[in-house]
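Good morning, everyone. Please have a look at the sequence and the model on the screen, and I will then take you through a few of its features one by one.

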Amino acid sequence: MAAVPDAVRQASERIKLWREKPHVMVRELFGITPDAWQEDVLTIFPKAPRIAMKACAGPGKTAVLAWCSWNFLLTRPHPKILATAISGENLRDNLWTEMEHWRLKSPLLTECFEWQAERIFSKENPNTWFMSARKWSKSATPEQQGNTLRGAHGDYVMAVVDESGGVPQAVMATAENIGSSAKEWHILQAGNPTHLEGPLYAACT
């Protein structure tokens, strides 16, 4: 198995705590205090396979998606995260930009991880320790849409879906299967309550 990054090994005691308490990681790694509702999400994240966040634009849902993603990337060995959104442009301009925003605020993250347009990965283990941006076509068949989140195999896997209210159910159905053989898996989604169907509506009703 590939080595754990040196910087992660050196911070192992804090990382052990951060794995169980992501809200502490956000305070220590980024120097900010989450809002009360954000802290609630961070607190339940380690033991909640499924989390759905429904709110209007602006309260910080995308920030929470990014914080949980960084927590998973930093504190699990060789994790794999697949991320998608209602469109490729939305993913690029929101969640993916948010991931880089927080990476640049942390010397530990900038030392350990590389950010690229469609992939974030461990500098020492780029093929086994990563977060991948996935797009789906509105003209794709349900089977093709379902392929968006295929390909994550490992002990620690997660699907992150931003603006999930408008994401096809076929995409989420694939996400439900990613944890079939994993030690730990999560589906984390967020969006505005503007649809009366789809993954977010189903999760919240």
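This is a predicted model: local features need pLDDT of at least 70, side-chain atom pairs count only at pLDDT 80 or more; totals for chains, interfaces and linings use all residues.

How much accessible surface does the protein have, and what share of it belongs to carbon and sulfur atoms? The accessible surface comes to about 9500 Å², and 51% of it belongs to carbon and sulfur atoms, where accessible areas come from the Shrake-Rupley method with a 1.4 Å probe and, for residues, only the protein chains shown count as cover.

Residues are numbered from 1 along each chain as its sequence is written, and side-chain values use heavy atoms, with hydrogens and water left out.

The protein has 205 residues, and 53% of them count as buried, meaning under 20% relative accessible area, as against exposed at over 50% and partly exposed in between, with a 1.4 Å probe and protein chains only. There are 10 helices and seven strands, taken as DSSP runs numbered from the N terminus (helices are H or I with at least four residues, strands are E with at least two).

Let us turn to the sheet. The seven strands form an open sheet of mixed pairing, in the order S1-S7-S6-S2-S5-S4-S3, where two strands pair if DSSP finds at least two bridges between them. Strand S1 (50–54) and strand S3 (113–115) stand at the edges with a single partner strand each, so one side of each is left without a neighbour in the sheet.

Within this sheet, strand S2 (residues 80–85) and strand S5 (residues 130–133) pair in the parallel sense over four bridges, and Ile81 stands opposite Met131 in S5. Leu82 also lies in strand S2, and Leu82 is buried, with a relative accessible area of 1%. Leu82 and Ala152 are 70 residues apart in sequence, yet 7.2 Å apart in space, C-alpha to C-alpha.

Finally, the helices. The axes of helix H3 (residues 22–30) and helix H5 (residues 61–75) come within 10 Å and cross at roughly 95 degrees; axes are lines fitted to C-alpha atoms, for helices over the stretch in contact (heavy atoms within 4.5 Å), and angles run from 0 to 180 degrees between N-to-C directions. The contact is made by residues including Met25 and Phe30 of H3 and Trp67 and Trp70 of H5.
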